[in-house]
Amino acid sequence: MNKWTNTKRVARYGLIGFIRNGFVSFSAILVMTITLFVIANILLSHAALNSTLQQLVNQVDVTVYFTTETSEGEVSDIKRALEALPEVALVSYTSREQALMDFRERHKADQLILQGLDELGENPLGASLSVRAKETSQYESIAKFLDTVEINSTSGVIIEKVNFHQNKAAIDRLTDIIATSRENSIARFLLFALATLVIVFITIRFAIYTAREEIGVMNIVGASRWYVRGPFVIAGALYGVISGLIVLMLLYPILLFRPVLVGLDATSEILFGDFDAFQYFTDSFPLLFLTIMGTGIVLGVLSSFFAVRRYLNV
Amino acid sequence: MIYYDKVTKQYNGGAPVVHEVTLGIEPGEFVSIVGHSGAGKTTLLKLLFAEIKPTEGSVYFGSNDVHTLSSNELLKLRRNIGTVFQDFRLLPTKNVYENIAFAMEVAGHSDDDIQADVPHVLDLVGISDKIWSFPRELSGGEQQRVAIARAIVNQPDVLIADEPTGNLDPINTHDVVEILKKINDLGTTVLLTTHNRSVVDSVGRRVVTMDQGRVIRDDAHGKYTL
């Protein structure tokens, strides 16, 4: 008999079994929907955490203050050298004039300071470079590079101050927090994912346990392994497809009205307050669709495949 | 055609359920295997279609030792042995048509053959009007007729009937026995296990009597003598 006829028959029996075993299908879909919802939540939490950590990282930089004697050409040379470093993400230049304007703006309410500044007669502020690293752990090496610039300079002292040394403790602490958070997030993802996968596997195993006598009859009438197993595998895939669609359809309104799905408590709302989960959901929909549907289908298919094996007697 | 060669079956080292049975069955025979509960009748049948393996000895179907067959060969063997059980063992989520069609599908028949043969075999066992019913909607007698229809639809060489009348009233019992005799008359070898004296006596063919796992009598035209 040709394989196409066989496949059509197996698919038809899978669909028929799925519909006629309504209660079993309903139970499996319910458990799998909860599972996929938890997995979706873990993915969104992970994205929220990454986004928040990235925001923190973006707020950290190291500023190099130059002496007033340093020429614009020297500052430009150092800027170019910094930009050539692989660790550096962005370097922004603030000229002496701009620094003075910023200073005046900042202290416009303090007449005493402005008066003192006027009495000086000349601009006491040097130019500066703000350096942003790709990772917070890279500021140390950037600071070391700046030390070598100072040593190699032919025109004496050109760098007044690098504020990394003042902020080092805070930056190191932030680096640790980011690393630990990422590790914890991955560990939590794996733990939750594993727990939910086991629950789904047991549920489908139980569903197939109720059909063990049916499988026994199929064995006796001479059905091949594929012919016995196929319909259950198809039904398992259908559990995954339907559960995945339910989760994706539920997420849309939930995230629309509740931008932070991870908000299990008020603290996480505050922590992830700037993360727009709905935006992430719509932007990353293809990836989320594939992940959730793929997880559902693979889970349903593999669980059914292995659960039926136990009752095959050929 | 079928030959049990010094077959013993025991579970977990306990007392043998079947003990050194040697038994030959020729093509076209109708053999009634009788005995008390636990005599080993059902075990003897299960050994034939390899649902269980013997502890010692061999079971031959034609020239093949059933228990040394590959998976594919075993599937072919099972498609050539029709089976009917006391508890019917129909597929509960499939209707009568699908139950019978399933047996034909696994044997590789085309959809056209299936559509032609299923109504015909249902007519043979007298249950054509229930073709779209589900097993739960049928009486015991009707379910057993469906089971017989499924067992014979592929025209097997052997039909195994394990206590097929155990759950039936006298009228249905009579009908089922008549169907089995008709199938045997058409050339199919029938192996029947039963407790029912009137069934054995009405068949009037070879009777093998078992007790405590052994064959204690084998009469060519026997009656129920326990």
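Predicted model: local features only at pLDDT ≥ 70, side-chain atom pairs only at ≥ 80, totals over all residues.
1. Chain B holds an open sheet of six strands, in which the pairing is mixed and the order reads β6-β7-β8-β3-β9-β10. At the edges stand β6 (81-85) and β10 (214-219) of chain B, each of which has a single partner strand, so that one side of each is left without a neighbour in the sheet. From one strand to the next, the twist averages 15 degrees.

2. As a reminder, strands of a sheet pair through backbone hydrogen bonds, either parallel or antiparallel. In chain B, β6 and strand β7 (residues 158-162) run parallel and are joined by five bridges; within this pair of strands, Val84(B) has Ala161(B) in β7(B) as its bridge partner.

3. Extent of the interface. On the side of chain A, 19 residues are in contact with 27 residues of chain B. The size of an interface is often given as the accessible area lost when the parts come together; for chain A and chain B the area buried between them is about 2200 Å², with 57% of it on carbon and sulfur atoms.

4. Polar contacts and the make-up of the chain A side. Between chain A and chain B, the count of residue pairs in polar contact is ten, where both residues are at pLDDT 80 or more. On the side of chain A that touches chain B, the elements that give two or more residues are α1 (3-20) and α8 (212-220) of chain A. By class, this side of chain A has ten nonpolar, five polar and four charged residues.

5. Salt bridges. Side chains of opposite charge can pair when their charged atoms come close. Over all chains the structure holds 18 salt bridges, and four salt bridges are found across the interface of chain A and chain B. Arg9(A) and Asp111(B) meet through their side chains in a salt bridge, at 2.6 Å from N to O; this pair crosses between chains, from Arg9(A) in helix α1 of chain A to Asp111(B) in helix α4 (residues 111-124) of chain B. A salt bridge is also formed by Arg12(A) with Glu105(B), where the closest N and O atoms are 3.3 Å apart.

Key: Residues numbered from 1 in each chain as written. Chains lettered and ligands numbered in written order. Heavy atoms only, no water. Pairing = 2+ DSSP bridges. Helix = DSSP H or I, 4+ residues; strand = E, 2+ residues; numbered from the N terminus. Axes fitted to C-alpha atoms, helices over the stretch in contact; angles between N-to-C directions. Contact = heavy atoms within 4.5 Å. Buried area = accessible area lost by both parts, 1.4 Å probe. Polar contact = N/O pair within 3.5 Å; in protein donor to acceptor, adjacent residues only side chain to side chain. Nonpolar A, V, L, I, M, F, W, Y, C, P; charged D, E, K, R; others polar.
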